[in-house]
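Here are my notes on the structure shown below. They go from the overall shape to the core, then to the ring pairs and the charged pairs.

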Amino acid sequence: MTKKKNEDNELFEKLLELNIKYAIEDSNINMRMIDNRIKSYQTLIGHLEDNKPFFFQKKKLIEYNNKKEEYENKISELYAQLGGEYDLIEKLYSDI
């Protein structure tokens with residue numbers, strides 16, 4: 001009976017380790033996707049800055065500032081998600 005229990009425990013540990021490895025791989029993919037989204041928003045901000053309206057174009061300048069703030073907020077949210085993924089990976093590695 002104990003031999004069967006030991007085999008079951010070994011199998012369980014191997015399955016757990018496999019699941020952790022897949023979770024780490026999935027998290028790495030998520031981090032790359034988040035990084036790509038951050039880069040795309042940074043590119044959008046760069047395009048905005050290339051076409052920044054003059055100070056006397058009040059309406060366009062307000063639109064510019066609103067878009068830039070929107071993109072910066074998105075980047076901040078994405079960095080928070082990225083931090084969550086890093087924390088998850090750190091925890092998963094500590095479980096291996």
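1. Burial. A residue is called buried under 20% relative accessible area, exposed over 50%, and partly exposed in between, with a 1.4 Å probe and protein chains only. Buried residues make up 20% of the 96 residues in the protein chain. The model is predicted: local features need pLDDT of at least 70, side-chain atom pairs count only at pLDDT 80 or more, and totals for chains, interfaces and linings use all residues. Residues are numbered from 1 along each chain as its sequence is written, and side-chain values use heavy atoms, with hydrogens and water left out.

2. Fold. The protein chain has two helices and zero strands. Both types are DSSP runs, numbered from the N terminus: helices are H or I with at least four residues, strands are E with at least two. H1 covers residues 2-50. H2 covers residues 58-95.

3. Overall shape. The C-alpha trace spans about 85 × 15 × 15 Å along its principal axes. The radius of gyration is 23 Å, whereas a compact globule of 96 residues would have one near 12 Å. That radius is taken over C-alpha atoms, and the globule rule is 2.2 Å times the number of residues to the power 0.38. Glu-77 is in helix H2 and is partly exposed, at 47% relative accessibility.

4. Surface and contacts. The protein chain exposes about 7,900 Å², and carbon and sulfur atoms supply 54% of this area. Accessible areas come from the Shrake-Rupley method with a 1.4 Å probe; for residues, only the protein chains shown count as cover. Contact means heavy atoms within 4.5 Å. Among contacts between residues at least 6 apart in sequence, 73% join residues at least 24 apart.

5. Core. A nonpolar core is a set of buried Ala, Val, Leu, Ile, Met, Phe, Trp, Tyr and Cys residues joined through side-chain atoms within 4.5 Å. The largest one holds 13 residues; Ile-34, Ile-38, Tyr-41, Tyr-71, Ile-75, Leu-78 and Leu-82 touch the most other members. H1 and H2 are the elements that give two or more residues to this core. H2 gives the most, with seven residues. Leu-78 is in contact with Ile-34, Arg-37, Ile-38 and Tyr-41, leaving aside neighbours within four places in sequence.

6. Aromatic pairs. Rings of Phe, Tyr and Trp (its six-membered ring) pair if their centres lie within 6.5 Å; planes under 30 degrees apart count as stacked, over 60 as edge-to-face and the rest as tilted. By this rule there are three aromatic pairs. Tyr-41 and Tyr-71 form a tilted pair, 5.8 Å centre to centre and 45 degrees between the planes. Tyr-41 lies in H1 and Tyr-71 in H2, so this pair ties together parts that are 30 residues apart in sequence. Tyr-41 is buried at 17% relative accessible area, and Tyr-71 is buried at 12%.

7. The Phe cluster. Phe-54 and Phe-56 are stacked, 5.6 Å centre to centre with 5 degrees between the planes. Which residues do ring pairs link into a cluster? They are Phe-54, Phe-55 and Phe-56. Phe-54 is exposed, at 54% relative accessible area. Phe-56 is exposed too, at 58%.

8. Salt bridges. The rule asks for a side-chain nitrogen of Lys or Arg within 4 Å of a carboxyl oxygen of Asp or Glu. The whole structure has five salt bridges. Among them is Glu-49 with Lys-68, the closest N and O atoms being 3.1 Å apart. Glu-49 lies in H1 and Lys-68 in H2, so the pair ties together parts that are 19 residues apart in sequence. Glu-49 is partly exposed, at 40%.

9. Bridges within a helix. Lys-4 and Asp-8 form a salt bridge at 3.6 Å, N to O. Both lie in H1, four residues apart, about one turn of the helix. Asp-8 is partly exposed at 37% relative accessibility. In H2, Glu-70 and Lys-67 are three residues apart, about one helical turn. Their side chains meet in a salt bridge at 3.8 Å, N to O. Glu-70 is partly exposed at 35%, and Lys-67 is partly exposed at 36%.
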